[in-house]
Amino acid sequence: TAAARAEVIRALAELNLQAADAVRTYRPPEGPLVAAAPRSVLQVAIPNDTDHGFIVLYAFDSPSDAAEAARDHARYVGSNVGRSQFPFGTRFVIRVVGATVVFFHWSPQVSTDELTPLIEQGLLRIGSGVPVQG
């Protein structure tokens, strides 16, 4: 995940956002394939919303494994069970960068900082996207 981590940090830095390894434990609701994968967590420094801005990077053995896991995770968070674990109106970003799945979510109704939408914009610049249906 080192290359994907560097790419995430670079993409966010282009928007004047600072990301670093999270200092507290964070685990979002997850589909089965990403739940079983090794993960690392970054957090974007959001001055007015220190409880959010988490980006999870899941490591897989190959880009094809990562793509399969990303599709599985998109199906999960788009399902009734998955969606019920997030606030109404949550926006999901799932990207595949090499053998890594990058996951970020945020809710315009819950987020308290105007910088949060920029995280989504920055992540949309990297890898390939996997849409969430539902």
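1. Thr-116 is buried, at a relative accessible area of 2%. Buried stands for under 20% relative accessible area, exposed for over 50%, and partly exposed for what lies in between (1.4 Å probe, protein chains only). The model is predicted: local features need pLDDT of at least 70, side-chain atom pairs count only at pLDDT 80 or more, and totals for chains, interfaces and linings use all residues. Residues are numbered from 1 along each chain as its sequence is written, and side-chain values use heavy atoms, with hydrogens and water left out.

2. Thr-116 sits in helix 5. Helices (H or I, at least four residues) and strands (E, at least two) are DSSP runs, numbered from the N terminus. The contacts of Thr-116 are Ile-46, Asp-49, Phe-104, Trp-106 and Ser-111, leaving aside residues up to four places away in sequence. Contact means heavy atoms within 4.5 Å.

3. Ile-46 deserves a look from the other side. It lies in the loop between strand 2 and strand 3. Ile-46 is buried, with a relative accessible area of 3%. It touches Thr-116 and Ile-119, and also His-52, Gly-53 and Asp-113, again not counting residues up to four places away in sequence. Ile-46 and Leu-115 are 69 residues apart in sequence, yet their C-alpha atoms are 6.7 Å apart.

4. Helix 5 spans residues 116-123, and its buried residues are Thr-116, Ile-119, Glu-120, Gly-122 and Leu-123. They lie on the same side of helix 5, because they cover an arc of only 165° around the axis. The arc is taken over directions from the helix axis to the C-beta atoms. Their cover includes helix 1 (2-13), strand 2 (39-44), strand 3 (54-59), strand 4 (91-97) and strand 5 (100-106).

5. Helix 1 can be read in the same manner. Ala-4, Val-8, Ala-11 and Leu-12 are its buried residues. Their arc around the axis is only 95°, so they share the same side of helix 1. An α-helix has 3.6 residues a turn, so residues three or four places apart point the same way. The buried residues of helix 1 pack against strand 1, strand 2, strand 3, strand 4, strand 5 and helix 5. Exposed Ala-2 and Ala-3 are on the face turned away from the buried side of helix 1.

6. The length of helix 1 checks out. Its 12 residues should span 16 Å at 1.5 Å a residue, and its end C-alpha atoms are 16 Å apart, which agrees. The expected span is 1.5 Å times one less than the number of residues.

7. The sheet is open and has six strands, in the order 1-2-3-5-4-6, with antiparallel pairing. Strand 1 and strand 6 (128-129) are the edges, each pairing on one side only. Two strands pair if DSSP finds at least two bridges between them.

8. Strand 4 has partners on both flanks. Seven bridges join it to strand 5, running antiparallel. Two bridges join strand 4 to strand 6, also antiparallel. Arg-95 has Val-102 as its bridge partner in strand 5 and Gly-129 as its partner in strand 6. Val-97 stands opposite Thr-100 in strand 5. The hairpin of strand 4 and strand 5 has two residues between the strands, and Gly-98 there takes a positive phi near 60°.

9. Strand 4 is mostly covered, with six of its seven residues buried. Helix 3 (residues 63-78) lies across strand 4 and strand 5, at about 170° to strand 4. Axes are lines fitted to C-alpha atoms, for helices over the stretch in contact, and angles run from 0 to 180 degrees between N-to-C directions.

10. Which aromatic pairs does the structure hold? There are three. In one of them, Tyr-26 and Phe-54 have ring centres 4.2 Å apart and planes at 5°, so the pair is stacked. Tyr-26 is in the loop between strand 1 (19-21) and helix 2 (32-35) and Phe-54 is in strand 3, so parts 28 residues apart in sequence are tied together. Phe-54 is buried, at 4%. Rings of Phe, Tyr and Trp (its six-membered ring) pair if their centres lie within 6.5 Å; planes under 30 degrees apart count as stacked, over 60 as edge-to-face and the rest as tilted.

11. Phe-92 and Phe-103 also stack, at 6.3 Å centre to centre and 15° between the planes. Phe-92 is in strand 4 and Phe-103 in strand 5, so this pair ties together parts 11 residues apart in sequence. Phe-92 is buried at 14% relative accessible area, and Phe-103 is buried at 1%. With Phe-86, Phe-92 and Phe-103 make one aromatic cluster.
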